[in-house]
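Here are my notes for you to read beside the sequence and the model. Please keep the structure open and find each element as it comes up.

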Amino acid sequence: SMDNKGRVIRKAVQDQFYKVHPYRIQTIGTVEHLKNPSLERMYAFYNTYYVPNNMAILISGNIDIEKTIQLIDREFSIWEYKKLPKLPKYKEPKIKGVERVTANYSGEQYALLAFRTAKRSHKDAEALQILDMILDNSTAGLINLNLSQQQKVREAGSYPYLFNDYGAQYLWGVPKEGQTLAEVEALLLEQIEFIKAGKFDDWIIPAIVNDFKKNEKQRLEGNGPRVGMMRDAYLGFEDWDAAVRTLERMAKLKKKDIVKVAKKYFKGAYVAGYRLDAEQEIPPIDKPPIDKIDIDPSRQSGFFADVMAIPFEQIEPVYLVPGRDFITRELASETKLYYARNPLNDLFDFSISIDIGTLTDNRLAVARDLLDKSGTPRFTSEELKKEWYKLGTNFSLGISDQETTISISGLDENLAASLDLLSALVRQPTADEATLAELKDIIISRRGDALKDHRTIHQALYRYHRLGDMAYFRRVPSNDEVQALDREELLDLISSLLSYRQTLSYT
């Protein structure tokens with residue numbers, strides 16, 4: 001964790017942001033915590049808080065309710081109520097103007113800004129979530145369009161943390177070569193000012209609510225995410241009936257509501273953290289002596305024997321049957337469509353798999369990056385991002401060694417319109433020379449930082465050990481080759497993809 005570039009800057013900012021509240025302490029603790037573990041205090045903590053009146057059992061699935069209740073009663077009824085200690089209240093001092101911190105880490109520089117907002121139960125919490133998505137929804141937010149898409153910075157984004165006691169809004173950015181962190185900070189703050197001035201499109205709030213609805217439908221498809229939704233409401237002391245009506249309340253928010261909270265919480269008081277390209281100091285940790293233990297593999301604990309003695313029914317595989325579980329259609333010569341109905345909701349997934357990858361053409365990864373900054377004859381790149389978001393459709397182009405996959409997903413009612421956009425973008429992508437020149441500089445800048453990143457170097461060595469000169473990092477275009485790439489050849493490479501043999505999948 002101390003050698004993780006994300007944790008390094010977050011910890012520096014968090015230490016300044018929370019001067020009193022335990023939120024400032026990361027769950028993993030500090031070196032001093034690890035040096036002095038107290039088994040007695042661990043037991044005391046467990047025995048104090050792991051009690052039935054301080055917990056919930058959350059279940060989602062195709063269960064037998066009566067048998068499940070019997071099981072819970074048998075296993076948990078012996079747990080006894082214990083009075084909980086009164087939790088202390090923590091009063092954070094106000095942030096005074098701009099409070100600055102720095103952290104060192106070799107490689108990529110990074111700016112992280114933190115504004116204090118509202119706790120999760122506050123009446124402004126939902127408007128603040130909408131505000132965050134107006135800033136960054138990965139597609140058509142102000143940061144996405146004004147900074148990332150126009151390549152004014154290398155990367156940028158935002159995210160909120162609305163906790164039970166306090167809330168925060170984070171904005172982050174990575175500078176380009178020759179760009180200062182102060183310039184990145186100014187660009188991020190400018191996006192906040194746009195919101196305060198109401199300079200965002202009227203359609204964006206309903207589109208964000210629809211995006212949330214789509215994500216909720218996806219979460220409700222799986223038992224794990226369903227339990228997660230219940231868990232979040234329980235831990236936030238939120239009534240379940242109120243939790244499930246969150247999107248209803250969001251849909252009633254107006255532009256003036258978002259402008260109001262922007263003016264209320266973003267008045268110029270924030271913590272600004274800069275991660276600098278410099279060697280960090282990591283405190284040494286003495287390795288403790290470890291006694292050698294002779295292990296007898298034939299031994300079994302009583303607990304293990306009890307578990308193995310539990311009766312169970314052997315799980316039998318259920319195989320997919322063509323014609324029943326999915327349908328195959330021959331659309332053209334060597335072009336197949338595999339189709340299956342989504343039995344749960346109105347969400348679709350559509351993909352085109354093409355048998356060409358970086359083993360065939362190592363320019364594909366750069367062409368993919370250029371496509372992300374490209375438009376169509378009808379839409380500029382920024383306008384195209386807005387169209388995707390209005391439709392509630394996600395578009396992606398995946399490149400591997402032997403395959404290229406073009407994918408879209410979203411609401412089934414918008415499939416036809418989404419296919420039209422996909423076809424126009426892939427068949428007739430448009431980008432100017434300045435966009436490609438900026439992209440080349442960003443790619444080369446990323447590579448420079450990667451050479452200082454031990455994790456990337458480890459991955460490269462691992463792949464080289466397995467594959468030699470066929471390893472990915474040995475096959476990418478050199479910096480000189482990247483600089484020599486031609487805009488037309490990259491766009492032609494993308495537009496030629498649909499002429500290859502392909503397989504279509506639609507759910």
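1. The lining of the largest cavity divides into four nonpolar residues, two polar residues and one charged residue. Those residues are Thr-358, Asn-362, Ala-365, Tyr-472, Arg-475, Val-476 and Pro-477. The space inside this cavity is about 40 Å³, and the count of cavities of 30 Å³ or more comes to one. Please bear in mind while reading these values, and those that follow, that the model is a predicted one.

2. The second largest pocket holds about 980 Å³ of space. Of the 31 residues that line this pocket, Arg-446, Arg-447, Ala-450, Thr-456 and Phe-473 are the closest to its centre. By class, the lining of the second largest pocket is made up of 12 nonpolar, seven polar and 12 charged residues. Which helix gives the most to this lining? It is α18, with six residues, while the helices that each supply at least two residues are α1 (5-17), α14 (364-372), α17 (433-450), α18 (454-467) and α19 (472-475).

3. Turning to the sheet, five strands form an open arrangement in the order β1-β5-β2-β4-β3, and their pairing is mixed. The strands β1 (98-104) and β3 (155-162) stand at the edges with a single partner strand each, so one side of each is left without a neighbour in the sheet. If direction is ignored, neighbouring strands of this sheet are turned by 15° against each other on average. Helix α7 (residues 181-196) packs on the sheet, where it touches β1, β2, β3, β4 and β5, and the direction of α7 makes about 145° with that of β5.

4. In β4, the bridge partner of Leu-112 is Trp-172, and Arg-116 stands opposite Ala-168. By contrast, β1 and β5 pair in the parallel sense over seven bridges, with Ala-103 opposite Arg-275 in β5.

5. Is strand β2 (residues 110-116) enclosed by the rest of the structure or open? Seven of its seven residues are buried, so the strand is largely enclosed. In a regular strand the side chains alternate between the two faces of the sheet. In β2, Tyr-110, Leu-112, Ala-114 and Arg-116 point one way and Ala-111, Leu-113 and Phe-115 point the other way, yet all of them are buried. Strand β1 has instead a covered face, made of Glu-99, Val-101 and Ala-103, and an uncovered face, made of Val-98, Arg-100, Thr-102 and Asn-104.

6. Helix α5 (residues 125-135) is mostly covered, since 10 of its 11 residues are buried. The buried residues of α5 include the charged pair Glu-126 and Asp-132, along with Ala-125, Ala-127, Leu-128, Ile-130, Leu-131, Met-133, Ile-134 and Leu-135. Why does Glu-126 count as buried? The reason is that its relative accessible area is 17%, and buried means under 20%. Leaving aside residues up to four places away in sequence, Glu-126 touches Thr-246, Arg-249, Met-250 and Leu-253.

7. With a relative accessibility of 5%, Ile-205 counts as buried. Again leaving aside residues up to four places away in sequence, Ile-205 touches Ile-130, Ile-134, Phe-200, Leu-253, Lys-254, Lys-255 and Ile-258. Among these contacts, Ile-130 and Ile-134 are also on the list of buried residues of α5, and Leu-253 is touched by Glu-126 as well. Pro-322, for its part, lies 117 residues from Ile-205 in sequence and 43 Å from it in space, taken from C-alpha to C-alpha.

Notes:
Residues are numbered from 1 along each chain as its sequence is written. This is a predicted model: local features need pLDDT of at least 70, side-chain atom pairs count only at pLDDT 80 or more; totals for chains, interfaces and linings use all residues. Side-chain values use heavy atoms; hydrogens and water are left out. On a 1 Å grid over the protein atoms alone, a cavity is a set of points where a 1.4 Å probe fits but cannot get out, and a pocket is an open set with protein on both sides within 12 Å along at least five of seven lines; lining residues have an atom within 4 Å of a point. Grid points are joined across faces, edges and corners, and a volume is the space filled by probe spheres set on the points. Buried means under 20% relative accessible area, exposed over 50%, partly exposed in between (1.4 Å probe, protein chains only). Contact means heavy atoms within 4.5 Å. Helices (H or I, at least four residues) and strands (E, at least two) are DSSP runs, numbered from the N terminus. Two strands pair if DSSP finds at least two bridges between them. Axes are lines fitted to C-alpha atoms, for helices over the stretch in contact, and angles run from 0 to 180 degrees between N-to-C directions.
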